[in-house]
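Please keep the sequence and the structure in view while reading.

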Amino acid sequence: MTMTIPRSADLASDVLTHTYDDMFNPPGLTNFLGTAQVDLDVFAIRSVNFPPYSHGDCITGQLSVDGRLARSYGGTVEVLWRPDCVVRSTVVDGLGLRSVTACAPGRPAVVVQLDVEGTPGRTVRLGFALDSTATRSPSGWLKPEPPSEPNTLTKVDDRVAGTGESGSAVSLQGLDVPSSVDRSMLTATVELDACGRGRVGYVHVLAGDLAEAAEHFDACAADVPAVFAASEAAWDKALADAFDPDGDGFSGSLPILETSNEALRKLYWWGVLGVIWFRRDNPASVLGRTYDTLMPRYWQTTTFIWDYSLSSLTHALLDPEPMREHIEHWVDLDIHKHFGTEWLTGGPVGYWYSVNDFAMTRLVRDYVRFTGDAGFLDAAVGDKPMAEHLHDWATAWRGLRGEHALADYGGIDNLLECVSSYVHEVASFNAANVWCLRVAAEVAARARDDDRATLLLKEADEQAGHVNELYIEGVGFWHARQPDGSLVPVRHCYDFNIVGTTIAADLSESQKTEMVSFFQRELQTPTWMRALSPYDADAAFSLRPDHQWNGAYPAWPADAGRALFALGRGDVVLDWLPGLARSANQGPCGQAHFVEEAAPAMAGGARKSPPQFPYLIDWSCSSSGSWVSLIIEGVFGIEVALDGTVTANPQVAALDPDARLTGLRVGPTTYTVAASGVSPAG
């Protein structure tokens, strides 16, 4: 067996090579307070945002060498991401340039060190073009991009301060070596030593006033290498705490995976990292600890219910206390009026997402079954016990019916946003209703309300039959019924994923076979998958790769894997895992990855999609916890009932007969899961 708990260095990406403005999404960084993103040259940074202070998507620190913009030389930049830092390197005018970038632990600051290597004794004039759009919004951050305002740059000693007319925030930028300032250009001259080496450290702080900014600046600039060491230590601790039931970093812990199978280990760690990555412990949060959904460019301070639910099992194991608090908060705000909440104010964000009833049911069920906190179902939240809220979500579809038996889930903005045909009576959420009714029946039976449980189960069976009316015999995909009764065929993975994971037992054997054949034929690719078949008429509608033909959202391959297990074809998943693992070589899951036909592979895997129009994709996404679900529930076959009963049908032997999960916590009991089955630890 190899190491079982990763350190920051173990999660490093491959070396990723790009030229200026390639189809490349530059990596992000976080210190759990805020975020930053490196830019496309070897030094610059962008999207520096530490709520409540924001910088929008402002780019600053663009490098010049001896008066010439470094990126104008062309050439390639090599990028290596780690949780604690990003390392970039290139060659310019005979000089080797290498930068290390990190968010300073506990401070609203980013540090960059530039190491220069060349001919001993050479003098190099380094210029840094600075910009600033610092502000503090008087309200919550309700748009995809963080707030910003035009700033005036002012020389403060040998540093540059940026402030706007509102005076609500200030940025402070400067070097840890002697420098000069000319308007927005910061310049330092470095003489390479006898070994041909020199260095410069840069600090960028975002704060409420100049005095506060200067305090953080001085602390970082006094010893820039120490900031990198502290960042690595902080990340190593966060990773260790995630697997330690006695650690103080989280309110729960995840099981440790012991395996010699590299793909299995890499995908499990990918999922774990991708949830920890979004942890926010910011004093400005009115909700306490939160988990963002995207970073580092879009929707900072916002938690989407949908994405949180896609990592539901991971949250229930890793950090159940904030999970319960979020569930209660969302109930209080009415889940039928928003897609998530914003933690600077606690207020709602956006319009209603059709998934919300299913998502909330899944969150409550996972919380209860893994924590053993069955009392949560009896606890009053708002005007009724949580169990009654769950019943309301499980039956909310009744109010969405029109002329037909199934619920109408609205238009494009309520569903997948970039698939125009996936509207109204879709198979996915109507199948999810069947599952939710059965969960509500389980909850009713627990409360000894057998009459309610019987009626809910009867209704679930009836609705399963109505869902099957949307199936297109012989081809493996489903119709979306329109309000006028017309049927539009839609070859989208979301029907495959949700139907497969919620009502597989209600499908005929021929349906299961046809669905898997469709998936393999039109959606699956060697290292990723298409969200929409390229044979679908709507494939011409959009190029946004999270839900279209040219790529997929990061939870879709993981959920497709769980669907394949449920449909009896775990062999397809196990054969697919090595290719999928190659897509984990670029840091945490992107908001979307391209399929191989849409963009060349990167580090052997499906390339992260870029942020620019028309793709509009952020560098990472919190739904990566779905990969933890795939490993625990799919590969290891774990099933946990609402009352905490644990059973297993492991499929892992074909990958690694000696693989096992240790420390799986279900209520008060800890379990070990191996190829032979599950047993209480000790």
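Tryptophan 556 touches Trp306, Leu310, Cys493, Tyr494, Asn497, Met529, Ala531, Asp546 and His547, residues up to four places away in sequence being left out; contact here means heavy atoms within 4.5 Å. The model is a predicted one, in which local features need pLDDT of at least 70 and side-chain atom pairs count only at pLDDT 80 or more, while totals for chains, interfaces and linings use all residues. Residues are numbered from 1 along each chain as its sequence is written, and side-chain values use heavy atoms, with hydrogens and water left out.

Trp556 belongs, with Tyr268 and Phe636, to the residues with the most contacts inside the largest nonpolar core, which has 204 residues. Such a core is a set of buried Ala, Val, Leu, Ile, Met, Phe, Trp, Tyr and Cys residues joined through side-chain atoms within 4.5 Å. Helix α9 (residues 427–446) supplies the largest share of this core, 13 residues. A second, separate core of 20 residues includes Ala102, Ala104, Ala221 and Val227.

Among the contacts of Trp556 are Cys493, Tyr494 and Asn497, and these residues are buried in α11. Helix α11 (residues 493–502) is largely enclosed by the rest of the structure, because nine of its 10 residues are buried. Buried denotes under 20% relative accessible area, exposed over 50%, and partly exposed in between (1.4 Å probe, protein chains only).

Arginine 324, in helix α6 (residues 320–333), counts as partly exposed because its relative accessibility is 23%. Leaving aside neighbours within four places in sequence, Arg324 is in contact with Tyr367, Asp373, Phe376 and Ala379. Arg324 and Tyr367 are 43 residues apart in sequence, and their C-alpha atoms are 7.3 Å apart in space.

For the protein as a whole, there are 15 helices and 39 strands; helices (H or I, at least four residues) and strands (E, at least two) are DSSP runs, numbered from the N terminus. Of the 682 residues, 63% count as buried. Among contacts between residues at least 6 apart in sequence, 66% join residues at least 24 apart. The radius of gyration, 26 Å, agrees with the value near 26 Å for a compact globule of 682 residues; it is taken over C-alpha atoms, and the globule rule is 2.2 Å times the number of residues to the power 0.38. The C-alpha atoms fill a box of roughly 85 × 60 × 50 Å along the principal axes.
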